[in-house]
Amino acid sequence: MADPVLPDRARVVVVGGGIIGCSVAYHLAHMGWKDVVLLEQHRITSGTTWHAAGLMVTFGSTSETSTQMRKYSCDLYERLEAETGQSTGFRRTGFIEVAADRDRLEEYRRVSAHNRFLGIDVHEISPAQVGELFPLARVDDLLAGFYVKEDGRADPVGVTMALAKGARAQGAKLIEGVPVTGVLKERGVVKGVTTAFGNIEAEYVVNCAGMWARQFGERAGVNIPNQAAEHYYLITERIPELRADWPVLEDPGSHVYFREEVGGMMIGLFEPVCAPWMVGGVPEDFSFAEIQPDWERMGPYVETAMKRVPITMNVGVKKFFCGPESFTPDLRPIVGEAPELKNYFVAAGLNSIGILTGGGLGRVMAHWIINGSPDVDITAMNIDRLHTYQRNPEYRRTRTVESLGLVYKCHYPTYAMQTARGAKQSPIHDRLAAGGAYFKDVSGWEGADWYAPAGIEPKVEQLSWTRQNWFPYWEAEHRAARDGVIVMDMSFMSKFRVQGRDAGRMLDWISANGVDGDAGTITYTQWLDAAGKLQADLTVTKLADDDYWVVASDTVHRHVETWMKRHIGDAHAHVTDVTGGYGQINVQGPRSRELLQAITTADLSNAAFPFRHAREIDIGFARVLCIRITYLGELGYELYIPAEQTVHVYDRLVAAGAKVGLVHAGLKALASLRMEKGYRDYGHDIDNTDTVLEAGLGFAVDLKKPRGFLGKDAVVAQKAAGPLRKKLLQILVKDPEPMMFHAEIVHRDGKPLGYIRAASYGHTLGGAVGLAMIEADQPIDSKWIEAGTWEVDIAGTRHPAIASLKPLFDPENKKIKV
């Protein structure tokens, strides 16, 4: 066979010919970028695409981005055959999700409301109706089913071949049998790829290598911590009673889905404890291959699954299949431009929904590459959320066992990952543990979530959608912050030292607010892109003319670092990640000044140390950067302490705190306190699709800065366009009983206008409180808000609510400036 003939250059090289790679190539070509080359090391679909089940299920996610990608994929696959002549096997046979316990019923009712808001026609049906639609199912133990008539199934190979054919028709080149051996790069920018058949120069490289994505990424120094795991399904012998037009049936409580397959039943499994596969590396020659099934391990899961459709226990098994699927540390895709290498994009780690979301993800990636930014919220799946240690073999081996199992577990909103723990700890971790802390995974850090009273073991007794055993402990911490003083470990926050003679100029350019004013001042600011959309929400403290302290949340650690480094250009500025070098202890509450003043000689009076002031102070033997700022809505201070002296400072605080009733508070209190105040959290209630004005953060924008700022033109244009019809509102449920978490639909005068992006419980306000992005057909102002009747749909029940542009707690900021 003759060697493949490669072009010398291309605008984009896509690596990997599975569903994702072919979709990216297809959409790039359709959007006008014809100079695209896709390279596949074996054959199209030969990795994991060929053995996928092809379930096309729009129901189930409370992520707007994921749901919209699912919907787009269904619509695309339905019309691809007419465009290309290649069958995709797409059929809208319907889909049913069943609930056999109260917690899953609660989850699916919450999901249903959100899915309906996004245009999915989901219906809650009775067990009897489930039986009518899928007569072979056992339904006597079910509480309900959730039915989407328009969902169904597709042929993964057919879909991928149709995308490949459509890409070629638009001018893209797809070449099989070409392993890509590496990438070309220069000064932190990708320049092409290397292969056994020659090099290809390129402006962009897209890693769509599926279960090989991590290994291929390592060749370029790019961190992609996905891991292959065993995934099983079996196909029974022919069942005469089974019809091909029956809906897909999914019973997560039994770890199983069912669909017809060539007259038999396909029984697919997502077992709660899985088996990672080839942690050391997937063989390069693994093509159209299978894994030897482990009957002994999987037998009990198969038995449980078959009980949902009893007839399957009485027919033969035609095929028991095991093949690899790729999973990620948090069960979210790995998508976007690599922080290590400019113009190197990744679309991998789809966690078994590659076919389902492949069409939509291909469109998102193509738009991102062509326009320089995505047009959907990508904060939850951006590659730069992940850290390099997560690529370690032991981490991947340990975490993957849990992540696959999460696919079919009840998705409790307070669930914290249990595996691969202890990777990063605060300097005062042991002190907090001794004090009754219950820890959760916070971007790999052990973060104290709440504290159990003395003599009570800090543990979650039972996950639920209602109040749990730790609710009163949380309330006590919250009230201590409002009425007394609390200490909170925030060492997981991302901390950077930015230095150099041009550091202030660089930071002032990328900050919407003025951050290069007087030394000893902290400034709250947003970072925007050229379109005026949010890229970060953080603080910048000017220590000196050539020395700045930047603090952001844990989830945007690498995003913020990369944003700074890529905007330095030729400026004399240097960014140093000092996160692990400093402990961060926040002292907050009306008595915080009284406590701190007892252990320092610095004058902390309001006149000497006003709000937003920053300076180094003495505490015992330590020098501490003390900043008067709050994220809780109270008088408070943030203490940044060299790691080796953090325990010393903590001990001094606790000793002095005995006289003022010091209380330890965790991240649950952080969430409820900041939510009462309406403080934003990037990646949770604001994201990259929002402008700074829509997010209600115009007060933190300085349009009069002499040198302007990145995104200013877009902000000015939006202000000039008139009153906004999209704004972030604070929503308070009047009934003190219901709990809000995320994705609850907000109604005004009976009309759905948005959903809760993030929520907590307002112990001071007396009810669940959250932030919702509201879109209306007229300008949103206080008068319009007050004229409406507001409700929130929580699991199918509408509850009266209050909506507000201003914070419902201390709207005049009187408490923080005393």
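Reader: With which residues is threonine 194 in contact, leaving aside its neighbours within four places in sequence?
Author: Contact here means heavy atoms within 4.5 Å. Once the neighbours within four places in sequence are left aside, the contacts of threonine 194 are Pro179, Val180, Thr181, Gly182, Val183, Leu184 and Asn199.

Reader: What kind of model is this?
Author: Residues are numbered from 1 along each chain as its sequence is written, and side-chain values use heavy atoms, without hydrogens and water. Local features need pLDDT of at least 70 and side-chain atom pairs pLDDT 80 or more, while totals for chains, interfaces and linings use all residues, for the model is predicted.

Reader: Is threonine 194 buried or exposed?
Author: Threonine 194 belongs to strand β10, residues 189-195 (helices, H or I, of at least four residues and strands, E, of at least two are DSSP runs numbered from the N terminus). Its relative accessible area is 17%. Buried means under 20%, exposed over 50% and partly exposed in between, with a 1.4 Å probe and protein chains only. Threonine 194 is therefore buried.

Reader: Which residue in β37 is the bridge partner of valine 792?
Author: A closed barrel of six strands runs β32-β35-β34-β33-β36-β37 with antiparallel pairing (two strands pair if DSSP finds at least two bridges between them). Neighbouring strands of this sheet are turned by 40° against each other on average, direction ignored. Five bridges join β36, residues 790-794, to β37, residues 797-804. Within β37, valine 792 has as its bridge partner histidine 799.

Reader: At what angle does helix α16 run to β34?
Author: Helix α16 (667-677) lies across β32 (726-733), β34 (751-762) and β35 (767-775). Axes are lines fitted to C-alpha atoms, for helices over the stretch in contact, and angles run from 0 to 180 degrees between N-to-C directions. Relative to β34, the angle of α16 is about 130°.

Reader: Which helix gives the largest share of the lining of the largest cavity?
Author: A cavity is a set of points on a 1 Å grid over the protein atoms alone where a 1.4 Å probe fits but cannot get out, and lining residues have an atom within 4 Å of a point. The largest cavity has a volume of about 40 Å³ (the space filled by probe spheres set on the points, which are joined across faces, edges and corners). Its lining includes Pro225, Phe327 and Tyr395. The largest share, four residues, comes from helix α9.

Methods
On a 1 Å grid over the protein atoms alone, a cavity is a set of points where a 1.4 Å probe fits but cannot get out, and a pocket is an open set with protein on both sides within 12 Å along at least five of seven lines; lining residues have an atom within 4 Å of a point.
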